[in-house]
Amino acid sequence: MSGNEQYCKMWEALGLDLEAHDQLLSVIPTIYQDIYLDQENRPQGMEYFDFVVVEIHGLRIKELQEHKEKGGKVVGAFCVYVPEEIVLAAGGVCVGLCAGAEVGMAEAEKVLPRNLCPLIKSAMGFKLAKICPYFESCDMIVGETTCDGKKKAWEVLNEIVPTYVMDIPQKKSAKGKELWLSEVSQFKDEVERMTGNKITSDSLGDAINLVNQKRKALKRLNDLRKADPAPISGRDALLVEQVAFYDNIPRFVEKVSALCDELEERVAKGIGITDESTTRIMISGTPMVIPNWKLPFIIETSGATVVCEESCTGQRYFRNLVDEGGDTVESQIKNLADRYLETDCACFTPNNERIDHVLEYAEDYDVDGVVAYTLQFCDPYAVETHKIKNALGKKDIPVLEIETDYGQEDTGQMKTRVEAFVEMIGNK
Ligand code: SF4
Ligand code: SF4
């Protein structure tokens, strides 16, 4: 990371543990060089996203502090179920707080069991070890009742920092829909109370339009990956999807659109990140949060390209738009609730629409194989893999199951398995 000194005062004022924070930042440049910068034939438009990573705890955090100095609030969330539009409509900024690194795990394991999903432990660890300036910038933390690990972790987090919890239904029944609508409405009231700003139909309409623009830009990027050869690597596409959770939205939309213009030219000229014969892989399962790039890197250095992410750091984040037709706050809240409840997370039962979507992506992206990716101790996705595998098996699409954490100990073993999988596909 460059120019750390200029941000030291800001990090200190935020209460970060500077030594531990330095350790976190010091590992990223080497990993990033190996995984990202050493790629050949990268689109030029990725330069902006490289810059975002370099400045991930710098410039964006400075922007958040400037927003706060002007009276704005920052809301942190851990799930794509939290409606960002409501925060924006009240003049706030919403940031993702999920964490994708092992740093801070030791702190987390003092208050959480060891055999818990690394995503939850990492997020808690970042807070306890005081290494996340996003966490420390937040005026409101929003948890949700999705998986058991998360909903119980919020009780522990609430002992450290007040945590507002949205009650997510388990079924998309009429009762479930009613509960969810009232939860979205209550969240609006809470955000209005916290920010001191009344949400109007105009402000909510603008916010809905803005977040839809972000989703459309991500959809356009992903549609371009349907081309053979794919014009961008899976690693780069994932990075763009990860940055979507932090960045200033209008700037993000502009940069993704510029990247897409470049990729469109590549597609027209038949230029790909690899050649046409490269095996096309979809990763399906749990989210991958910065700097969790382990699996796509392994896949893409084993003779394959990742062309689709069926996850919350992928399709689940941008697939559905919010209906922009509402002209009262009440109707807009209903539109928001409807859209968010379409999210096909494995925490729901049944969750058959996810199976349909996996099959749809497998066809649209012309995938040769699927890697069913589960973070360790994630029961919802691990159990649902059975159905995914069965459905893909009926279409004769091979599936490799990978369960892992944020550590590097299993990298060699994972690479051997992925290489064998790609070779098996090639021999089919
Ligand atoms: S996987 Fe489920 S719980 Fe996790 S972010 Fe996505 S919707 Fe939320
Ligand atoms: S990856 Fe699974 S266990 Fe972890 S937070 Fe998401 S749903 Fe829960």
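A residue counts as buried if 20 or more other C-beta atoms, placed from the backbone, lie within 10 Å of its own, and a nonpolar core is a set of buried Ala, Val, Leu, Ile, Met, Phe, Trp, Tyr and Cys residues joined through C-beta atoms within 7 Å. What you have here is a predicted model, where local features need pLDDT of at least 70, side-chain atom pairs count only at pLDDT 80 or more, and totals for chains, interfaces and linings use all residues. Residues are numbered from 1 along each chain as its sequence is written, while chains are lettered from A and ligands numbered from 1 in the order in which they are written.

Let's start inside. The largest nonpolar core has 134 residues, and Ala-123, Ile-281, Met-282 and Val-371 have the most contacts inside it. At least three of the core residues come from each of domain 1 (3–169) and domain 2 (206–320 + 347–426), with bounds from an automatic or database domain assignment.

Now look at Ile-281. Beyond its neighbours within four places in sequence, its contacts (C-beta atoms, placed from the backbone, within 7 Å) include Ile-299, Val-307, Val-367 and Val-371.

How do the two domains sit together? Their centres, taken over C-alpha atoms, are 22 Å apart, and the contact takes 36 residues from domain 1 and 41 residues from domain 2.

Technical notes: Buried ≥ 20, exposed ≤ 12 C-beta atoms within 10 Å, placed from the backbone. Contact = placed C-beta atoms within 7 Å.
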